[in-house]
Amino acid sequence: MNELTKTTVHVFRHGEVFNPTKILYGRLPDFHLSELGHQMAKAAAQALSGRDVTHVVASPLERAQETAAPIAGEFKLDIASDVRLIESANFFEGKKVSVGDGAFSNPRNWWVLRDPITPSWGEPYLVIAQRMFEALQAARVAAEGHEAVCVSHQLPIWTLRRYVEGKRLWHDPRKRQCGLASLTSFRFEGSKVVGIDYTEPAAHLVALSATAKTAKGA
């Protein structure tokens, strides 16, 4: 019997974003990496150097494309775009959502917070999981027998991981294991995921990030 083909797909969260107004930027255009975010992307590219990466794909949002650039450069590859890797839709996009900023405490918004399971304030977790899994499998096929890198966003990546692990999709956002510029790597045999690894190649830079400290990254 022939051995199943082994493929690895690294799902990479983008680096820190320049967000001086501290809003939940979601899918809004023109949110780019900060200088530190560019350094994070380069650190991840260096960490992957020497790996067998043959395919790089990213969410169409600027911060994801910019994060993918040094990785694509490292392996002399073009960057493909996949809308299935995009940030989740959110009612609070464009608003400040930190404690004390008012968006959550405003009674006019309470109806949006009524259901944390689906959730009622944004794209359903199951929809996120399914589109991300489709993107994951597409990347696996594109890099079959090698390695691929998909650049996406925190909530979609964490939802994908919980989906693959067979866990409930609703969760406490404070407990996500998906730091800035982190890699969640899915190891495949054939089309089946046989293992998941997590690394933070830019942890030394994340420690300097105000975004990480205030949970503004997405």
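Let's start inside the sheet: Val 57 has Ala 80 of strand S3 as its bridge partner. Strands here are DSSP runs of E with at least two residues, helices are runs of H or I with at least four, and both are numbered from the N terminus. Before going further, please note that this is a predicted model, in which local features need pLDDT of at least 70, side-chain atom pairs count only at pLDDT 80 or more, and totals for chains, interfaces and linings use all residues. Residues are numbered from 1 along each chain as its sequence is written, and side-chain values use heavy atoms, with hydrogens and water left out.

The pairing of S2 (53-58) with S3 (residues 79-81) is parallel and rests on 3 bridges; two strands count as paired if DSSP finds at least two bridges between them. Also in this pairing, Ala 58 stands opposite Ser 81. Together with helix H2, S2 and S3 build a right-handed β-α-β unit. Right-handed means that, with the strands pointing away from the viewer, the path from the first strand over the helix to the second runs clockwise. Of the 6 residues in S2, 5 are buried, where buried means under 20% relative accessible area with a 1.4 Å probe and protein chains only.

Now step back to the whole sheet. It is open and has 6 strands in the order S3-S2-S4-S1-S5-S6, with mixed pairing. S3 and S6 are the edge strands, and each has a single partner, so one side of each lacks a neighbour in the sheet. From one strand to the next the twist averages 25°, based on axes that are lines fitted to C-alpha atoms, with angles from 0 to 180 degrees between N-to-C directions.

Let's move to S5. This strand (residues 183-189) has 5 of its 7 residues buried, so the rest of the structure largely encloses it. S1 (residues 6-13) runs antiparallel to S5 and is joined to it by 7 bridges; here Thr 7 stands opposite Phe 188. S6 (residues 192-199) is likewise antiparallel to S5, with 7 bridges, and Glu 189 stands opposite Lys 192. The hairpin of S5 and S6 has 2 residues between the strands, and Gly 190 takes a positive phi near 65° there.

What about the nonpolar cores? Such a core is a set of buried Ala, Val, Leu, Ile, Met, Phe, Trp, Tyr and Cys residues joined through side-chain atoms within 4.5 Å. The largest one has 23 residues, and Phe 12, Met 40, Ile 71, Val 149 and Val 151 touch the most other members. Two or more residues each come from H1 (35-48), S2, H2 (62-75), S4 (147-152) and H5 (203-206), and H1 gives the most, with 6. Leaving out residues up to four places away in sequence, Ile 71 touches Phe 12, Ala 45, Leu 48, Val 56 and Val 149, a contact being heavy atoms within 4.5 Å. Apart from this core lies another, of 22 residues, including Ala 135, Ala 148, Phe 186 and Phe 188.

Finally, visit the loop between S1 and H1, where Ser 34 lies. Ser 34 is buried, with a relative accessible area of 11%. Its side chain reaches the backbone nitrogen of Gly 37 at 3.0 Å. Beyond residues up to four places away in sequence, Ser 34 touches Glu 16, Val 17 and Phe 18.

Conventions. Buried < 20%, exposed > 50% of the residue type's maximum accessible area, 1.4 Å probe, protein only. Polar contact = N/O pair within 3.5 Å; in protein donor to acceptor, adjacent residues only side chain to side chain.
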